[in-house]
Amino acid sequence: MKKFLIALLLVVSANSFAQSLAKEDVDVIQSIYGKSKSDLVKQYMNLSDEQTAAFQKIYDDYEVERKALGQNIIKVVDDYATNYATLTDAKADELAKGTLKSNLGYEKLYDKTYTKAKKAIGAINAAKFIQLEVYLQTAIRSQILDSIPFIGEIEKSKVN
């Protein structure tokens with residue numbers, strides 16, 4: 001019974017966490033920096049009006065793809081929460097592959113965006129953008145990882 005209640009609590013809390021990830025940019029970025037992500041990017045990049053115009057479409061396209069990748073992460077976290085208590089080798093494999101695919105998706109998106117941004121605003125500014133994005137995504141990933149248990153963590157913390 002105790003194991004069931006712990007597993008139920010984990011599923012409920014992880015499911016609500018996964019739902020809150022949908023607004024990660026607003027909540028996480030604003031809580032850390034006190035401003036929206038687009039305002040933070042604009043301030044950090046400090047581009048001229050001409051560069052801003054050239055970069056805006058690239059940034060908008062990037063955000064659409066990044067948010068889709070974020071939704072995939074939400075699905076993996078939600079699936080993990082749902083199956084945590086009864087995790088099988090097959091499900092663990094599926095979840096690990098989903099995580100790896102998502103991570104690879106981010107790397108490909110960074111590469112594609114850097115190439116486009118470099119042509120539009122130069123290598124230094126493109127590198128600044130990628131550096132900021134990697135930093136922000138690392139902060140968000142860190143928060144996600146701090147909020148979910150490792151595989152088998154509940155079993156290890158049980159009192160016999």
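Predicted model: local features only at pLDDT ≥ 70, side-chain atom pairs only at ≥ 80, totals over all residues.
**Stop 1**

Select Ser-38, Asp-39, Val-41, Lys-42, Met-45, Asn-46, Leu-47, Thr-52, Phe-55, Gln-56 and Tyr-59. These residues line the second largest pocket. Now colour them by class. Five are nonpolar, four are polar and two are charged.

Which helix gives the largest share of this lining? It is α3, with five residues. Show α3 as residues 37–45.

**Stop 1: α3 against α4**

Keep those two helices on screen. Two packed helices are described by the angle between their axes and the distance between the axes. For α3 and α4, the angle is about 140° and the axes lie 13 Å apart. Angles over 145 degrees count as roughly antiparallel. The α3 and α4 pair is therefore oblique. α3 passes α4 in a right-handed crossing.

Select Lys-37, Ser-38 and Val-41 on the α3 side of the contact. On the α4 side, pick Phe-55, Tyr-59, Tyr-62, Glu-63 and Arg-66. By class, this contact has four nonpolar, one polar and three charged residues. Look again at Ser-38, Val-41, Phe-55 and Tyr-59: they belong to the pocket lining and also to this helix contact.

**Stop 2: α4 against α6**

In α4, select Gln-51, Phe-55, Tyr-59, Tyr-62, Glu-63, Arg-66, Ile-73 and Val-77. In α6, select Asn-125, Phe-129, Glu-133, Gln-137 and Ile-144. The two sets meet. Sorted by class, the contact has seven nonpolar, three polar and three charged residues. Phe-55, Tyr-59, Tyr-62, Glu-63 and Arg-66 take part here as well as in the contact with α3.

**Stop 3: α5 against α6**

The axes of α5 and α6 come within 7 Å. They cross at roughly 155°. α5 and α6 are therefore roughly antiparallel to each other. The crossing is right-handed.

Select these in α5: Asn-103, Tyr-106, Tyr-110, Thr-113, Tyr-114, Ala-117, Lys-118 and Ile-121. Their partners in α6 are Ala-123, Asn-125, Ala-126, Ala-127, Phe-129, Ile-130, Glu-133, Val-134, Gln-137 and Arg-141. By class, eleven residues of this contact are nonpolar, four are polar and three are charged. Asn-125, Phe-129, Glu-133 and Gln-137 of α6 meet α5 here, and they meet α4 too.

**Stop 4: the largest pocket**

Show α4, α5 and α6 together. How much space lies in the largest pocket? About 510 Å³. The elements that give two or more residues to its lining are α4 (49–83), α5 (89–121) and α6 (123–147). α5 gives the largest share, seven residues.

The lining has 19 residues in total. To find the centre, select Val-76, Val-77, Thr-99, Leu-145 and Ile-148, which lie nearest to it. Colour the whole lining by class. It divides into 14 nonpolar, four polar and one charged. Finish on Val-77: this residue is among those nearest the pocket centre, and it is part of the contact of α4 with α6.

Key. Residues numbered from 1 in each chain as written. Heavy atoms only, no water. 1 Å grid on protein atoms, 1.4 Å probe; cavity = no way out; pocket = protein on both sides within 12 Å on 5 of 7 lines; lining within 4 Å. Points joined across faces, edges and corners; volume = space filled by probe spheres on them. Helix = DSSP H or I, 4+ residues; strand = E, 2+ residues; numbered from the N terminus. Nonpolar A, V, L, I, M, F, W, Y, C, P; charged D, E, K, R; others polar. Axes fitted to C-alpha atoms, helices over the stretch in contact; angles between N-to-C directions. Parallel < 35°, antiparallel > 145°, perpendicular 65-115°, else oblique. Left-handed = near helix turned anticlockwise from the far one by under 90°. Contact = heavy atoms within 4.5 Å.
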